[in-house]
Amino acid sequence: MALMITDECINCDVCEPECPNDAISMGEDYYVIAPHQCTECVGHFDTPQCVEICPVACIPVNPEYIESKETLWQKFERLRAQQESQASVAEAGVAP
Ligand code: SF4
Ligand code: SF4
């Protein structure tokens with residue numbers, strides 16, 4: 001399942017740097033989670049890091065993105081492959 005941030009968010013900024021998938025960003029009024037990038041921290045941590053750190057407990061499951069653990073692992077693998085490919089493109093760009 002991807003998670004989501006509700007309008008109870010107080011924009012305290014602490015969750016954004018904790019996300020291993022760069023899924024959290026500032027939205028129009030408060031922080032938002034990109035569902036296609038959120039693995040519920042599967043592949044990185046045992047528990048969702050944003051939920052652990054949020055002082056107002058405003059990060060529930062996104063009911064529009066109910067995913068099994070297996071699907072979350074597949075999402076993690078896909079994101080990792082994307083990151084590796086972007087890193088190699090960046091490396092190629094700075095090579096002489
Ligand atoms: S659960 Fe993990 S991957 Fe999803 S938004 Fe929170 S920190 Fe990022
Ligand atoms: S930690 Fe919670 S309150 Fe703070 S910005 Fe993130 S979602 Fe909002």
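**Ground rules.** I number residues from 1 along each chain as its sequence is written, letter chains from A, and number ligands from 1 in the order in which they are written. Because the model is predicted, I take local features only at pLDDT of at least 70 and side-chain atom pairs only at pLDDT 80 or more, while totals for chains, interfaces and linings use all residues.

**Overall layout.** I looked up the secondary structure and found two helices and two strands, in the order β-β-α-α along the sequence. Helices here are DSSP runs of H or I with at least four residues, strands are runs of E with at least two, and both are numbered from the N terminus. The C-alpha trace spans about 50 × 30 × 20 Å along its principal axes.

A residue is buried if 20 or more other C-beta atoms lie within 10 Å of its own, exposed if 12 or fewer, and partly exposed in between, with C-beta atoms placed from the backbone. Two residues are in contact if their C-beta atoms, placed from the backbone, lie within 7 Å. Of the contacts with a separation of 6 or more, 69% join residues 24 or more positions apart.

**Core.** The largest nonpolar core has 14 residues, and Leu3, Cys15, Ile24, Ile33 and Cys50 touch the most other members. Such a core is a set of buried Ala, Val, Leu, Ile, Met, Phe, Trp, Tyr and Cys residues joined through C-beta atoms within 7 Å. I then followed Ile24: leaving out residues up to four places away in sequence, Ile24 touches Cys15, Glu16, Cys19, Tyr31, Ile33 and Cys50.

**Positive phi.** Asp22 has phi near 50°, a positive value in a residue other than glycine. Asp22 sits in the segment before β1 (24-26) and counts as exposed because it has 12 C-beta neighbours inside 10 Å. Glu40 has phi near 60°, again positive in a residue other than glycine. Glu40 lies in the loop between β2 (31-33) and α1 (49-53) and counts as buried because it has 25 C-beta neighbours inside 10 Å.
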